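Colleague: I have this model open on my screen and would like a close look at one part of it. Could you walk me through the packing of its helices, in plain terms?

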Amino acid sequence: MVVYRNILGKKHKHGTIKDPKVITDLTYNNLLCHMFDIVCRRFKWKNLPDTVNERFLEQTLYYSGSALFFHDDILGYLCLPFAGNNLDVYSEPIEREAYGTNYHKLCDKTDSVICYNNASKSPSDPVVIMYANRITNFLRTIDTNVRAQKTPAFASCNEETRESFMRFFRQWDEDSPLIIGDSAFNFQEAFQPVNLRVEFVSDSIKELINTEWSDFFTWFGIHNFNTTKKERLVSDEVSYDESSTFYEGNSGFQERKEFCEAVNKMFGLNISVEYAESSVAPMDPPSKGLSFIFGGGGNSDLSDTGNNR
């Protein structure tokens, strides 16, 4: 599960944190939780039994890459993490031990169905961590770059005049309309601006952040529109982006769809899955750009030749 650590500690309050490491951790944790929500809400399940928790199902696929659907005589239908043993000729586990909090049950391929997160059977968590790290680095670079644009004033004084300078700055910071000082002090010569001469590059980094978000959405098959990037793309590149989004999203959808079909066949249920409205992906391959990807013409058949779950 996403661990949002209490990195502030008991002695810290929001708005007063200045430790760069703490701010970086906060940024990363917030991004990780936000991306977790996005990935786990890509699909909408229908007609799941009341005893099957949709959120926990997607969370299990997110962290483990697979989940096991089965029936418990006491609890009813469940979908939980599992450990598989004794593989068949298709490398599918014959023996399956489902487990949860204070629970475990032995199943096999005759009384349970496996749901995979994608065709590679891999979890989503490592990919989300990768993007969260990259975007965190970009955001913190912006913070550093913006902070370096400050031009503080430097005052040269001795201990006798130090208090006069501090009193001057307190009144200046309080927007005092009139500041009275000793005529013996030459404030104009004493103050010198400090210019670190750091180039302002935050605008360029923001473009990188937008590109990273776009790549993240594409990786998980979520429609997105990066205006900064799209304006410079030719038609073949746009078609490639759309095709990439389709195939990335269709992998996860296809596995869930085949899982539903297998469950309905084994248990006589009527569950189904569809894309969530906020992340609708095309159900048919794009008509353009396929030859650009595969090096040939025609549509690619995404149907599975068999079901061995």
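What percentage of the 309 residues of the chain count as buried?

Modeller: Happy to! Please keep in mind that this is a predicted model. Of the 309 residues in the chain, 39% count as buried. The chain holds nine helices and ten strands. Among contacts with a separation of 6 or more, 66% are between residues 24 or more positions apart.

Let us start with helix 3, which covers residues 125-147. Helix 3 has 23 residues, and the distance from its first C-alpha to its last is 33 Å, close to the 33 Å expected at 1.5 Å a residue. Its buried residues are D125, V127, V128, Y131, A132, I135, T136, F138, R140, I142 and N145.

Helix 1 has 21 residues and reaches 30 Å from first C-alpha to last, close to the 30 Å expected at 1.5 Å a residue. On helix 1, the buried residues are V22, D25, L26, T27, N29, L31, L32, M35, F36, I38, V39 and C40. They pack against helix 2, helix 3 and helix 6.

Now for the pairs themselves. Two packed helices are described by the angle between their axes and by the distance between those axes.

Take helix 1 with helix 3. The two pack at an angle of about 135°, and their axes are 9 Å apart. That angle makes helix 1 oblique to helix 3. Helix 1 passes helix 3 in a right-handed crossing. If you want to colour the contact, select P20, I23, T24, T27, Y28, L31, L32, M35 and V39 on helix 1, and V128, I129, Y131, A132, N133, I135, T136, L139 and R140 on helix 3. By class, the residues of this contact divide into 13 nonpolar, four polar and one charged. Several names come back from the buried lists: L31, L32, M35 and V39 are among the buried residues of helix 1, and V128, Y131, A132, I135, T136 and R140 are among those of helix 3.

Next comes helix 3 with helix 6. Their axes come within 10 Å and cross at roughly 170°. Helix 3 is therefore roughly antiparallel to helix 6. From helix 3, the residues in this contact are V127, V128, M130, Y131, R134, I135, F138, L139, T141, I142, N145 and V146. They meet S202, I205, K206, L208, I209, E212, W213, D215, F216 and W219 in helix 6. Sorted by class, the contact of helix 3 with helix 6 has 15 nonpolar, three polar and four charged residues. On helix 3, V128, Y131, I135 and L139 take part here, and these four are also in the contact with helix 1.

The last pair is helix 1 with helix 2. The axes of these two come within 10 Å and cross at roughly 115°, so helix 1 and helix 2 are roughly perpendicular to each other. Helix 1 passes helix 2 in a right-handed crossing. Here F36, V39 and C40 of helix 1 touch E58, Q59, Y62 and Y63 of helix 2. By class, that contact has five nonpolar, one polar and one charged residues.

K121 sits in the loop between strand 7 (112-116) and helix 3. Its phi is near 60°, a positive value in a residue other than glycine. K121 counts as partly exposed because its relative accessibility is 34%. D175 also has a phi near 60°, positive in a residue other than glycine. You can find D175 in the loop between helix 4 (159-173) and helix 5 (187-190). With 65% relative accessibility, D175 counts as exposed. Finally, R167 belongs to helix 4 and counts as partly exposed at 38% relative accessibility. R167 and I180 are 13 residues apart in sequence, and their C-alpha atoms are 9.8 Å apart in space.

Notes: Residues are numbered from 1 along each chain as its sequence is written. This is a predicted model: local features need pLDDT of at least 70, side-chain atom pairs count only at pLDDT 80 or more; totals for chains, interfaces and linings use all residues. Side-chain values use heavy atoms; hydrogens and water are left out. The expected span of a helix is 1.5 Å times one less than its number of residues. Buried means under 20% relative accessible area, exposed over 50%, partly exposed in between (1.4 Å probe, protein chains only). Axes are lines fitted to C-alpha atoms, for helices over the stretch in contact, and angles run from 0 to 180 degrees between N-to-C directions. Angles under 35 degrees count as roughly parallel, over 145 as roughly antiparallel, 65 to 115 as roughly perpendicular and the rest as oblique. A crossing is left-handed if the near helix is turned anticlockwise from the far one by less than a right angle, and right-handed if clockwise. Contact means heavy atoms within 4.5 Å. Ala, Val, Leu, Ile, Met, Phe, Trp, Tyr, Cys and Pro count as nonpolar, Asp, Glu, Lys and Arg as charged, and the others, Gly among them, as polar.
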